[in-house]
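Here are my notes on the structure you sent over, in numbered points.

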Amino acid sequence: MSRCMRKEGIQLMTRLRVIDNSVPARTVARCTFVFRKQRIATVGQCIKVACQGKMQNALITGTRGKRWPSCTTAPSFGENTCVLLDNKFEPVGTRIRGPLPTVLRGLGPRVAKVCAMGTRFV
């Protein structure tokens, strides 16, 4: 049995809740590809998901799980959440239903449109 904390992140076949208004509420997507060599994605990174029978890009906006002691500023979410993106990595929806972590604001112009759609920041 390991005593170290589990690192938060999204890996293959992880279920995520879509929090924008491009799909009906409480829609679940599954992670099918991570654009990183380590194959674990964290908040603010892009992944490919299968949502309603289609492959789409998504931006991770929240992960559940324990946090490392050095990551005390990152909020803990109750579930894994994402925002759907098109092929140009632009948001598909026009509104975001859930809260966004303030960590996204510091990621620069790559996620500026997603931050502009959000109304609540944690």
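1. Which residues make a nonpolar surface patch of about 270 Å²? F33, F35 and F89 do. Keep in mind throughout that this is a predicted model. F35 sits in the loop between β2 and β3 (46-51). With a relative accessible area of 40%, F35 counts as partly exposed.

2. Now the overall layout. Of its 122 residues, 41% are buried. If you take the contacts with a separation of 6 or more, 46% of them are between residues 24 or more positions apart. The protein exposes about 7,400 Å², and carbon and sulfur atoms supply 54% of that area.

3. On to the inside. The largest nonpolar core has 15 residues, and the ones that touch the most other members are L16, V18, I47, V49 and L84. Two or more residues of this core come from each of β1, β2, β3, β4 and β5. Another core, of 12 residues, lies apart from it, with I19, I96, L100 and V111 among them.

4. I47 deserves a click. Setting aside neighbours within four places in sequence, I47 is in contact with I10, L16, C31, F33, V34, F35, A41, Q56, N57, A58 and I60. That list includes F33 and F35, which are also part of the nonpolar surface patch. It also includes L16, another of the residues that touch the most other members of the largest core.

5. Next, charges. How many salt bridges does the structure hold? There are three. The side chains of E79 and R17 form one of them, at 2.5 Å from N to O. This pair links distant parts of the chain, 62 residues apart: E79 is in the loop between β4 (54-62) and β5 (81-85), while R17 is in strand β1 (residues 15-18). R17 is buried, with a relative accessible area of 17%, whereas E79 is partly exposed at 25%.

6. Is R26 buried or exposed? R26 is exposed, with a relative accessible area of 58%.

7. A bit more on R26. Leaving out neighbours within four places in sequence, R26 is in contact with R17, E79 and R97. The C-alpha atoms of R26 and L16 are separated by 9.8 Å, and these two residues are 10 apart along the chain.

8. The remaining bridge is between the side chains of E90 and K113, at 2.4 Å from N to O. E90 lies in the loop between β5 and α1 (112-117) and K113 lies in helix α1, so the pair ties together parts that are 23 residues apart in sequence. E90 is partly exposed, with a relative accessible area of 29%. As for shared partners, salt bridges join R17, R26 and E79 into one network.

9. Last item: the cysteines. A search of the whole structure finds zero disulfides. Why is C51 not paired with C82? The sulfur of C82 is the nearest cysteine sulfur to that of C51, yet it is 7.3 Å away, and a disulfide needs the two sulfur atoms within 2.5 Å, so C51 is in no disulfide. C51 itself is buried, with a relative accessible area of 2%.

Technical notes:
Residues are numbered from 1 along each chain as its sequence is written. This is a predicted model: local features need pLDDT of at least 70, side-chain atom pairs count only at pLDDT 80 or more; totals for chains, interfaces and linings use all residues. Side-chain values use heavy atoms; hydrogens and water are left out. A salt bridge is a side-chain nitrogen of Lys or Arg within 4 Å of a carboxyl oxygen of Asp or Glu. Helices (H or I, at least four residues) and strands (E, at least two) are DSSP runs, numbered from the N terminus. Buried means under 20% relative accessible area, exposed over 50%, partly exposed in between (1.4 Å probe, protein chains only). Patches are made of residues with over 30% relative accessible area and no salt bridge: like charges are joined within 9 Å, nonpolar side chains (Val, Leu, Ile, Met, Phe, Trp, Tyr) within 5 Å. Accessible areas come from the Shrake-Rupley method with a 1.4 Å probe; for residues, only the protein chains shown count as cover. A nonpolar core is a set of buried Ala, Val, Leu, Ile, Met, Phe, Trp, Tyr and Cys residues joined through side-chain atoms within 4.5 Å. Contact means heavy atoms within 4.5 Å.
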